[in-house]
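Open the model in your viewer and keep the selection panel handy.

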Amino acid sequence: MALPENTLASARQWDAEDPLLSFRDEFRIPQHNGSDAVYFTGNSLGLQPKGAQAALKQELEDWARFGVEGHFEAKHPWYSYHEELTDGAAKVVGGRNDEVVMMNQLTSNLHFLLVSFYRPKGKRVKILTEQRPFPSDTYALASQIAFHGLDPKQHLVEVQPRNGEHTLRTEDILAKITELGDELALVLIGGVQFYTGQAFALEAITAKTHEVGAIAGFDLAHAAGNMPVQLHDWNVDFACWCTYKYLNSGPGSVGGAFIHQRYLKADLPRFAGWWGHDKNTRFQMGSEFSPMPTAEGWQVSNAAVFNMAIHRVSLEQFGRAGMQRLRAKALQLTGYAEAIINSISAKYNVNLEIITPSDPEERGCQLSIYAHGMGKDLFDKLTAQGISLDWREPNVIRMAPVPMYNSFEDVWRFGEALESQMKG
Ligand SMILES: *Cc1c(COP(=O)(O)O)cnc(C)c1O
């Protein structure tokens, strides 16, 4: 995107024309010196929907009023609470309703899914992941490999970027899959890389993975609610995600899991619990486990209602906003931010290198700026000006203008703050 006229008036004009404008008023925006901060850290913790308080209060009141009977008498009965989330969540990730369940949290879901989908056999033992995945994923994958009595150092393989490049080329990921061939058990990579902001070609990766006879699973922590994904149509085997980043459901909120339809009735091994048991006979309390023939068959525990209450509010917002409209606005917001950064870089002859791919198809909202020679100091000064960004070692400032509540004026204000530092 060429830098459009970059003035406060033009930014306000784009806001006025934004069909999603009214959503901003549905969020509590942190304050800085008495006015709204520029909140670009929705990729770490999304903002609080105003409806969250009433939703939580409803559950507290129903608990006070009904006690245990709230499982059936509450306005949103706790017994089946997770079922109210399925439709909205399935739309966000492009799954069928029977393929999606909200439960646990992200890394726990990854473990539960790996129990079913990582079953090393003979020489087919390796797991392929991206360079420097989020540490929790590395720990989970390595510990699963070790759990099977194998050596993670040998069998957990990372695709590396080429010399001098920050992000991965799809062709290199696909070539690595082909190279590992019948030694590859599983590909598990992020939908969007947390550090570089690169969005991976999930459909192509899935197809290539299946070609060599392996399983394709994705961690959608930074993709869910950020990129439109079509897990079912892309034939993805399984996926998991969290809801406190782009999905605005509060710290540590409930996670999500997707299991493709073709596995729902297959008798996959799993770590079972009572909430995965056929709900028609669950309370007969029998000793034989008979799983639900849906993704719910992977549940272990009963619903975490307080977390889910907030997620219910958030999914309702995503339903109204729609992933397509959110994506359209994200392309504009992020393109605008990119144009400003590049123009300031050129004007002041500094190297604010955006390591996130410049092709919008290869990124979501986030831009990761490698701040040569300025790094932490620049980050600290922007933070002091009420610009909420985050810092990732060794030298990256991440920013995510999110379409649900960020405005073009936010991006303009970020640009002003950045430029004021350059004039310093
Ligand atoms: C945020 C994030 C996590 C966090 O895991 P939790 O289990 O939710 O604490 C894990 N993996 C990735 C890729 C993430 O971005």
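Start by selecting Asp182 and Lys123: they form a salt bridge, with the closest N and O atoms 3.3 Å apart. The term here means a side-chain nitrogen of Lys or Arg within 4 Å of a carboxyl oxygen of Asp or Glu. This pair links distant parts of the chain, 59 residues apart. Asp182 sits in the loop between helix H8 (170-180) and strand E9 (184-190), while Lys123 is in the loop between helix H5 (106-117) and strand E7 (126-130). Helices (H or I, at least four residues) and strands (E, at least two) are DSSP runs, numbered from the N terminus. In the whole structure, a search finds 21 salt bridges.

A word on what you are viewing: this is a predicted model, in which local features need pLDDT of at least 70 and side-chain atom pairs count only at pLDDT 80 or more, whereas totals for chains, interfaces and linings use all residues. Residues are numbered from 1 along each chain as its sequence is written, and side-chain values use heavy atoms, with hydrogens and water left out.

Now zoom out and colour by domain. Domain 1 covers 8-48 + 322-423 and domain 2 covers 81-321, with bounds that come from an automatic or database domain assignment. Their C-alpha centres lie 29 Å apart. Contact (heavy atoms within 4.5 Å) takes in 38 residues from domain 1 and 28 residues from domain 2.

How much area is buried between domain 1 and domain 2? About 2,600 Å², with carbon and sulfur atoms giving 55% of it; buried area is the accessible area (1.4 Å probe) that two parts lose on being put together, summed over both. Next, select Met323, Ile355 and Glu362, which lose the most area on the domain 1 side, together 21% of what that side buries.

Staying at this boundary, pick Arg320 and Glu26. They form a salt bridge whose closest N and O atoms are 2.9 Å apart. The count between the two domains is 1 salt bridge. For the side of domain 1 that touches domain 2, show helix H11 (323-347), strand E14 (367-371) and strand E17 (396-399), the elements that give two or more residues. H11 gives the most, with 5 residues.

Two backbone stops follow. Most residues other than glycine have a negative phi, and most peptide bonds are trans. Select Glu393 and Pro394: a cis peptide bond joins them, with omega about 5°. Pro394 is placed in the loop between strand E16 (390-392) and E17. Then go to Asn33, whose phi is positive, near 45°; this residue lies in the loop between strand E2 (31-32) and strand E3 (35-36).

Finally, show the whole chain as a cartoon. There are 13 helices and 17 strands to see, and the C-alpha atoms fill a box of roughly 70 × 60 × 30 Å along the principal axes.
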